[in-house]
Amino acid sequence: MNKTILLIAVFFIGLVANAQDIIEAKDGETISEIKNEESKVLTADFDFDVTDTGVNSKQHEYGSGFFKQKYIIISAKKVGAVGGTKDPLTGEPHTQIYCATIKKTGDLDRPLLYSRVLNTNDNEGSITFSPNQQVVYYTRSILGDKRNYQLFRAKDPLKNGQWTEHEKIHLSSSKYSVENPYLSEDGRTLYFASDMPGGEGGFDLYSATIFEDGRVGKAVNLGKEVNTPNDERTPYIDDNNKYLYFASNGHNTFGGLDVFRARNVKGEFVRVLNLGTTINSPEDDYAFMLANEKRGYVTSAKEDGVGGSDVYKLRLNYNKQLLKGIVKDALTNETVNNSTITIVDTDGDEIAVKTTKTGEFSAYVDPYEVYTITTNKEGYNENKLDLPTNSATQRVFDATVYLEQTPPEIVEVDGKSMIKIENIYFAFDKAVIRPDSKVSLDKIVRVLEENPTMKIEVNAHTDIRGSDAYNLALSKRRAASTMRYLISKGISKDRLISEGYGETQTIIDCVSKECTDEEHELNRRIEFVIVPE
């Protein structure tokens, strides 16, 4: 047997053996067509430790979910007289539902048949439970030459294992299969895989709303971002309803089914990515589920397993990741101090930001997210920067925000032409110009350089707090200090006049009413009045 024929034979043996997670080649479809086409889906560098759980048999097993701190496994192994009927498609006993104890190490122990009511002489498929574990959704396929799983529901209001009120859910049909049901943490959304008509091709992922009265809504395809012309299987959404994990052989894979993740943004799933080589193999990898943020389970048909497909425990290794940034002036490349920074994630939720007076900021971030950094500073245009954190191993992400200065304007105020810029700030109760205001004064310098015949008056004003005489003297010193700065930048003193008016020309009347700090600040100002030629 040549190598190509051997590979094809091994591939199809793997397809037929995977119980509810079978990947079947369509008539006339080649192996290269089954394998995924080139795509733009990102491959992640997550670091997983994947190890055996200790309960796998020579038959196929795959994970289905959690129940009362135990892990549900669907297995073709035979226990006593149970499972004696053979599946004609696999030659193995029909699949049954098992419940395994979870050890502190994450290993599984003593898988026992889960329910005499739910286990029958047909192939049992994946099951999932409501948050109160009083309702179960389960799948079953009648043994025969065609595998077709149907979706059922049963109830156990007393929680004694006596599942009753069995009913077939309307999503089922004799014309297609409904597989891998999974209920969201709040019990309001049922996810599943199906090859029902109208999808993208093969098996697609769908959702259906579970209403308060128990009614199951219509099937909604999760869309082209997730679904491909090939197969998508085993949907699982985390407890925070943030990430959808699923298996696919239609996106970029390392062979067969790989585990992928998509971001849930207001009910739409975007940014699909392959979870990487530490969890995905050249064979089928699927049924990814988390027990907590760093531990969980996955099923794989990779080499060196016990049977055709086995259940493995996983541990995610990662450290906290830090976003470090700095704000700079786009024109001068100088650091911009005291900016206001907000960082929001893909959901629009704001995350905590630590800022310094020297223009630096930092925040803890998650891998493979897109964060929007919004920066505001008086005298500058608002800057919005999108930063993707496309790594799980990178410890620090760097971002430099460049702010563009708002241009000065020539405006008419009370019959006077003025150069309008943001306010000029001084040290408290002094005439010393604050460093962050020198950028604003440089705008006046550029206007004067561009208009060599222009002359201006530098007029300083204070608020009403303090004595009249003191405020007048302070305003004169501040006007003179501003004029000296302009001269130091090359502007001739013959083009400048400085004058202080104290509190005699306030914009807001703070004598007849009590003003806020913001209103007092408006009265404390420097005006640049153009002298008529």
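Colleague: Four strands form an open sheet here, so in what order do they stand, and in which sense do they pair?

Modeller: Helices (H or I, at least four residues) and strands (E, at least two) are DSSP runs, numbered from the N terminus, and two strands pair if DSSP finds at least two bridges between them. In this structure the order is 7-8-9-10, and the pairing is antiparallel. Strand 7 (123-129) and strand 10 (164-168) stand at the edges with a single partner strand each, so one side of each has no neighbour in the sheet. On average, neighbouring strands of this sheet are turned by 25° against each other, direction ignored; axes are lines fitted to C-alpha atoms, for helices over the stretch in contact, and angles run from 0 to 180 degrees between N-to-C directions. This is a predicted model, in which local features need pLDDT of at least 70 and side-chain atom pairs count only at pLDDT 80 or more, while totals for chains, interfaces and linings use all residues. Residues are numbered from 1 along each chain as its sequence is written, and side-chain values use heavy atoms, with hydrogens and water left out.

Colleague: How many bridges join strand 9 to strand 10?

Modeller: Strand 9 (residues 149-155) and strand 10 run antiparallel and are joined by three bridges; lysine 155 has threonine 164, in strand 10, as its bridge partner.

Colleague: In the open sheet of five strands, what is the order, and what is the pairing?

Modeller: The order is 1-18-17-16-15, and the pairing is mixed. Strand 1 (42-43) and strand 15 (232-237) are at the edges, each with a single partner strand, so one side of each is left without a neighbour in the sheet. Within the sheet, strand 16 (residues 243-248) and strand 17 (residues 258-265) run antiparallel with six bridges between them, and tyrosine 243 stands opposite arginine 263 in strand 17.

Colleague: How should I read the hairpin, and how many residues lie between strand 5 and strand 6?

Modeller: There are five residues between strand 5 and strand 6, and glycine 106 in the turn has a positive phi of about 95°. Strand 5 (residues 96-102) pairs with strand 6 (residues 108-113) in the antiparallel sense over four bridges. Cysteine 99 stands opposite leucine 112 in strand 6.

Colleague: Is cysteine 99 buried or exposed?

Modeller: Buried means under 20% relative accessible area, exposed over 50%, and partly exposed in between (1.4 Å probe, protein chains only). Cysteine 99, at 11% relative accessibility, counts as buried.

Colleague: Which cysteines does the disulfide join?

Modeller: A disulfide is a pair of cysteine sulfur atoms within 2.5 Å. The structure holds one disulfide, which joins cysteine 510 to cysteine 515 with an S to S distance of 1.9 Å. The torsion about the S-S bond of this pair is about -100°, so the disulfide is left-handed. Cysteine 510 is buried at 7% relative accessibility, and cysteine 515 is buried with a relative accessible area of 12%.

Colleague: What do the buried residues of helix 4 pack against?

Modeller: They pack against helix 3, strand 32, strand 33 and strand 34, where contact means heavy atoms within 4.5 Å. Among the buried residues of helix 4 are Asn471, Leu474, Arg478 and Tyr485. Asparagine 471 counts as buried at 3% relative accessibility, and, leaving out residues up to four places away in sequence, its contacts include Thr462, Arg465 and Glu503. In helix 3, the buried residues include Leu441, Ile444 and Val447, and what covers the buried residues of that helix includes helix 4 (468-488) and strand 31 (416-420).

Colleague: Which residues touch the most other members of the largest nonpolar core?

Modeller: A nonpolar core is a set of buried Ala, Val, Leu, Ile, Met, Phe, Trp, Tyr and Cys residues joined through side-chain atoms within 4.5 Å. Of the 43 residues in the largest one, Phe46, Phe48, Val226 and Phe288 touch the most other members. A second, separate core of 23 residues includes Ile419, Phe426, Leu486 and Leu496.
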